[in-house]
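Good morning, and thank you for coming. Please look at the sequence and the structure as I show them, and keep both in view while I speak.

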Amino acid sequence: MRQLKCDYCHREIPEDDIHFELKLELYASAELPELTEEDLKKDHTAEIEALIEAMQEMDAEELTDEVYECYVFTLCAECRHEIHNRLKHNKEKKHPI
Ligand SMILES: [Zn+2]
């Protein structure tokens, strides 16, 4: 069996120790900004052209990452506890994670 390593503190996790997995998903909110009547009447050709131009300069991986990213981290019990505390108590702070 492969030796497990904690992705947070990089310590090896002994085989008979419990380990945890932290799954992190980062994606664009499905909620779209509200459109006003004025927005609908506006000519968006220039904006769309600028957007297409910007997208052409990005590679496919970058574009996909902007839509959805998912990471799974292996954690030892200690780091799990640390992250648990941060998530639980830092929600109001500027950098909660
Ligand atoms: Zn750890």
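This is a predicted model: local features need pLDDT of at least 70, side-chain atom pairs count only at pLDDT 80 or more; totals for chains, interfaces and linings use all residues.

What percentage of the 97 residues of the protein count as buried? The figure is 10%, where buried means under 20% relative accessible area, exposed means over 50%, and partly exposed lies in between, with a 1.4 Å probe and protein chains only.

Residues are numbered from 1 along each chain as its sequence is written, and side-chain values use heavy atoms, with hydrogens and water left out.

Let me begin with the overall form. The protein contains four helices and four strands; these are DSSP runs numbered from the N terminus, with helices being H or I of at least four residues and strands being E of at least two. Read from the N terminus, the order of elements is β-β-β-α-α-α-β-α. The C-alpha trace spans about 65 × 30 × 20 Å along its principal axes. The radius of gyration of the protein is 21 Å, whereas a compact globule of 97 residues would have one near 13 Å. That quantity is taken over C-alpha atoms, and the globule rule is 2.2 Å times the number of residues to the power 0.38. The accessible surface comes to about 9100 Å², and 53% of this belongs to carbon and sulfur atoms; such areas come from the Shrake-Rupley method with a 1.4 Å probe, and for residues only the protein chains shown count as cover.

A contact is defined as heavy atoms within 4.5 Å. Among the contacts in the protein with a separation of 6 or more, 73% join residues 24 or more positions apart.

I now turn to the metal site. Which residues coordinate the zinc ion? The SG atoms of C6, C9, C76 and C79 do so, at 2.3 Å. Donors here are N, O and S atoms within 2.8 Å of the metal, or 3.2 Å for Na, K and Ca; water is not among the atoms, so sites may look incomplete. Along the chain, the donors follow the spacing C-x2-C-x66-C-x2-C. C9 sits in the loop between strand 1 (4-5) and strand 2 (12-13), and C79 sits in helix 4 (residues 77-89), so this pair ties together parts that are 70 residues apart in sequence. C9 is partly exposed, at a relative accessible area of 30%, whereas C79 is buried, at 7%.

Why is the arrangement around the zinc ion called tetrahedral? The four donor atoms subtend angles of 104 to 117 degrees, which makes it so. Four donors count as tetrahedral if all angles lie between 85 and 135 degrees. The ideal angle for four tetrahedral donors is 109.5 degrees.

Next, the nonpolar core. The largest one has seven residues: L4, C6, I13, L75, C76, C79 and I83. By definition, such a core is a set of buried Ala, Val, Leu, Ile, Met, Phe, Trp, Tyr and Cys residues joined through side-chain atoms within 4.5 Å. Strand 4 (68-76) and helix 4 each supply at least two residues of this core.

Consider I83, which belongs to helix 4 and is buried at 8% relative accessibility. Beyond four places in sequence, I83 touches Y8, L22 and L75. By contrast, I83 and M58 are 25 residues apart in sequence, yet their C-alpha atoms are 33 Å apart in space.

T74, in strand 4, is buried with a relative accessible area of 13%. Leaving aside residues up to four places away, T74 touches L4, K5, C6, D7, Y8, I13, H19 and F20.

Finally, two exposed residues in loops. H10 lies in the loop between strand 1 and strand 2 and is exposed at 56%; its phi is near 65 degrees, a positive value in a residue other than glycine. I18 lies in the loop between strand 2 and strand 3 (19-27) and is exposed at 58%. The C-alpha atoms of I18 and A77 are separated by 6.8 Å, although the two residues are 59 apart along the chain.

Thank you for your attention.

Methods:
Four donors count as tetrahedral if all angles lie between 85 and 135 degrees; four count as square planar and six as octahedral if opposite donors are over 155 degrees apart and all others between 65 and 115; anything else is irregular.
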